[in-house]
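Reader: I would like to go through this model feature by feature. Please take the general idea of each feature before the case at hand.

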Amino acid sequence: ITWTNEKIKSSFVNRNMFDFKHISAFDRSYMNNPGPMVVFATPGMLHSGMSLSIFKAWCHEAKNMIIMPGYCVAGTMGHKLLNGSRKVDTDKGPITVNMTVEYLSFSAHADAKGILQLIKN
């Protein structure tokens, strides 16, 4: 926390500012839980890892949504989804995408002003 201002440094003694009450690490067993859930997963291009596993499990349901928060390289599943593909090829064959696909322009390199503007809008 050495990079934060004095007010934050002094409050850190009483409370860890990175201890979020309603945020926890994702466990694969959650994929089949009923009810609403928000998952922040990487990589965002959906070419491997947990994000791809979750996508494959949830893409069939129209009530689900994926928000792609940034640039996706041509040829990746993320790029195909952002360009309107409703059928995508996976290692287990083609799958139909019924979930809503949205794009959110977000840069991890934004400064504080840019992040505040995103939150306000």
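**Reading the features**

Author: Start with one side chain: Lys56 is partly exposed, since its relative accessible area is 24%. The model is predicted, so keep that in mind throughout.

Reader: Which residue forms a salt bridge with Lys56?

Author: A salt bridge is called when a side-chain nitrogen of Lys or Arg is within 4 Å of a carboxyl oxygen of Asp or Glu. Here Asp91 pairs with Lys56, and their closest N and O atoms are 2.9 Å apart. Lys56 belongs to helix α2, while Asp91 sits in the loop between β2 (87-90) and β3 (93-96), so the pair ties together parts that are 35 residues apart in sequence. Asp91 itself is exposed, at 63% relative accessible area.

Reader: How many salt bridges does the count come to?

Author: The count comes to one salt bridge.

Reader: How many disulfides does a search of the whole structure find?

Author: The test is a pair of cysteine sulfur atoms within 2.5 Å. Searching the whole structure gives zero disulfides. For Cys59, the nearest cysteine sulfur is that of Cys72, 16 Å away, and Cys59 is in no disulfide. Cys72 is likewise in no disulfide, its nearest cysteine sulfur being that of Cys59.

Reader: Is Cys59 buried or exposed? And is Cys72 buried or exposed?

Author: Buried means under 20% relative accessible area. Cys59 has a relative accessible area of 0% and is therefore buried. Cys72, at 6% relative accessibility, also counts as buried.

Reader: Where does Asn64 lie, and what does Asn64 touch?

Author: For a loop residue, read the flanking elements and then the contacts. Asn64 is in the loop between α2 (49-58) and β1 (65-68). Asn64 counts as buried because its relative accessibility is 17%, and the cut-off for buried is under 20%. Leaving aside residues up to four places away in sequence, Asn64 touches Trp58, Met99 and Thr100.

Reader: Which residues form a nonpolar patch on the surface?

Author: To read a patch, look at its members together and then at one of them. Trp3, Phe18, Phe20 and Ile23 form the nonpolar patch, and their accessible area together is about 520 Å². One of these, Ile23, is placed in the loop between α1 (6-12) and α2.

Reader: What is the relative accessible area of Ile23?

Author: Ile23 has a relative accessible area of 56%. Exposed means over 50%, so Ile23 is exposed.

How values were computed:
Residues numbered from 1 in each chain as written. Predicted model: local features only at pLDDT ≥ 70, side-chain atom pairs only at ≥ 80, totals over all residues. Heavy atoms only, no water. Helix = DSSP H or I, 4+ residues; strand = E, 2+ residues; numbered from the N terminus. Buried < 20%, exposed > 50% of the residue type's maximum accessible area, 1.4 Å probe, protein only. Contact = heavy atoms within 4.5 Å. Patch = residues over 30% accessible without salt bridge, like charges linked within 9 Å, V, L, I, M, F, W, Y side chains within 5 Å. Areas by Shrake-Rupley, 256 points an atom, 1.4 Å probe, with all protein chains shown as cover.
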